[in-house]
Amino acid sequence: MKTFPVQYAAVRKDKPDPDTLVFGRSFTDHMFQMDYTEGKGWHDGRIVPYGPLPLEPSAMVFHYAQEVFEGLKAYRNPQGKVQLFRPMENVRRMNNSCERMCIPQLDEETALSAIEQLVELEADWVPSKPGTSLYIRPFIIATTPTLGVHAAHNYIFAIICCPVGSYYKEGINPVRIYVESRDVRAVRGGTGYAKCGGNYAASIRAGEQAEKQGYAQVLWLDGVERKYIEEVGSMNVLFKINGTVVTPALTGSVLPGITRKSCLELLRSWGVPVEERLITAQELFDAAEAGALEEAFGSGTAAVVSPIGEMGWNDRHVVVNGGQIGPLTQRLYDTLTGIQWGTQPDPFGWITKLD
Ligand SMILES: Cc1ncc(COP(=O)(O)O)c(C=O)c1O
């Protein structure tokens, strides 16, 4: 592991109450920062007090959204130690996102060491109440202060962390979703498989409208034919149809989720048939109406799995598994959270324990 110099914060903040933690509101005392300068490469990795980044108003990220980000969590295990779940997967995905956005990639070991050293320094911020964790947000932004659409010459790689409360304080309640027919999140050939801010900006309008209509999330369709299912909100989506788990194939407009990958690996290890393929909204709603859709759920770092209880698509409306979480969804949730929080064995070697 590489180590970086640390400039300690003079004043330490009070930790928020773990019972009322709101995602993304309070940040820890320190952050990681590393700079890129053309001709010099990535340099000066360091941990510094959390605080504003001075940027010129002309910094390219503000105008052309040349940026990427990641999201992962640190968990406190029953021994009181802190551990990460598949952090190298996030580092690799960030580098794939960089490639798409013409951002210089990071050395994998350097990026992983940065995450590990920052979380070790901020270990006191990892809450210990059941279901709580420390969210880690690595990101890279283009900082060159010039207008004009081309790749920047300067970047900042930073990592910030925030404690998060339990996603399911009131128990796991299946959500209502609707199929979005107007807006699309991404198109093939675009940036859907990259984790970059523009994808999320494009998704906000449909999300706001869904909420107004009493739905928790939107089910995205492909941007070309508007008939294939892609993702649900900011999660991948999986369906159990006649005993087989079906999930949209990674065609370029879907984010390759690490929870999705972990679900598929677990399901295969349990002998559950799995298919990664194209699936139309028509097929899905027909299956639901015929009683063949047994379970439906989203997968992502925030919720782990989020069962879908009801789905709307134009004038069609279906209820999944009587609006209850299905047994396979529950098993995936229990197994993944057991591995993440260290209450279950880790047969796949997914956990990195920190000092
Ligand atoms: C658009 C989108 N899809 C899927 C996911 C799920 O990915 P992961 O399981 O790696 O959190 C996320 C969350 O990061 C996301 O933002």
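Colleague: What makes the nonpolar surface patch?

Modeller: This is a predicted model. In it, Tyr-64, Leu-147 and Val-149 make a nonpolar surface patch of about 320 Å². Patch residues need over 30% relative accessible area. Val-149 has 71%.

Colleague: Why is Val-149 called exposed rather than buried?

Modeller: Its relative accessible area is 71%. Exposed means over 50%, so Val-149 is exposed. Val-149 sits in the loop between strand 6 (133-142) and strand 7 (154-164).

Colleague: Now the ligand. Which residues come nearest?

Modeller: There are 15 residues around the ligand. Lys-195, Tyr-200, Glu-231, Thr-259 and Thr-301 come nearest. The shell divides into four nonpolar, seven polar and four charged residues. Helix 5 (258-269) and strand 14 (293-300) each supply at least two residues of that shell.

Colleague: Is His-43 buried or exposed, and how do you know?

Modeller: Its relative accessibility is 14%. Buried means under 20%, so His-43 counts as buried. His-43 lies in strand 2 (residues 41-49). Its side chain joins that of Thr-37 in a polar contact of 2.7 Å.

Colleague: How many salt bridges does the structure hold?

Modeller: It holds 20. One of them pairs the side chains of Lys-2 and Asp-107, at 4.0 Å, N to O. The cut-off is within 4 Å, and the pair is counted as a salt bridge.

Colleague: Why say that Lys-2 and Asp-107 tie together parts of the chain?

Modeller: Because Lys-2 lies in the segment before strand 1 (30-37), while Asp-107 is in the loop between helix 2 (87-100) and helix 3 (108-121). The parts they tie together are 105 residues apart in sequence. Lys-2 has 41% relative accessibility and Asp-107 has 43%.

Colleague: What makes Glu-108 and Arg-92 a salt bridge?

Modeller: Their side chains meet at 3.3 Å, N to O. The limit is 4 Å, so they form a salt bridge. Glu-108 is in helix 3 and Arg-92 in helix 2, 16 residues apart. Glu-108, at 29%, is partly exposed. Arg-92, at 41%, is partly exposed too.

Colleague: How do you know that Arg-176 and Glu-310 link distant parts of the chain?

Modeller: Their side chains meet in a salt bridge at 3.3 Å, N to O. Arg-176 is in strand 8 (residues 175-179) and Glu-310 in strand 15 (residues 304-313), 134 residues apart. Arg-176 has 29% relative accessibility and counts as partly exposed. Glu-310 gets that label at 23%.

Colleague: Which residues are linked in a network of salt bridges?

Modeller: Arg-86, Glu-89, Lys-261 and Glu-265.

Note on methods: Residues are numbered from 1 along each chain as its sequence is written. This is a predicted model: local features need pLDDT of at least 70, side-chain atom pairs count only at pLDDT 80 or more; totals for chains, interfaces and linings use all residues. Side-chain values use heavy atoms; hydrogens and water are left out. Patches are made of residues with over 30% relative accessible area and no salt bridge: like charges are joined within 9 Å, nonpolar side chains (Val, Leu, Ile, Met, Phe, Trp, Tyr) within 5 Å. Accessible areas come from the Shrake-Rupley method with a 1.4 Å probe; for residues, only the protein chains shown count as cover. Helices (H or I, at least four residues) and strands (E, at least two) are DSSP runs, numbered from the N terminus. Buried means under 20% relative accessible area, exposed over 50%, partly exposed in between (1.4 Å probe, protein chains only). A residue is near a molecule or strand if one of its heavy atoms lies within 4 Å of it. Ala, Val, Leu, Ile, Met, Phe, Trp, Tyr, Cys and Pro count as nonpolar, Asp, Glu, Lys and Arg as charged, and the others, Gly among them, as polar. A polar contact is a pair of N or O atoms within 3.5 Å; within protein, one must be able to donate a hydrogen and the other to accept it, and residues adjacent in sequence count only if both atoms are side-chain atoms.
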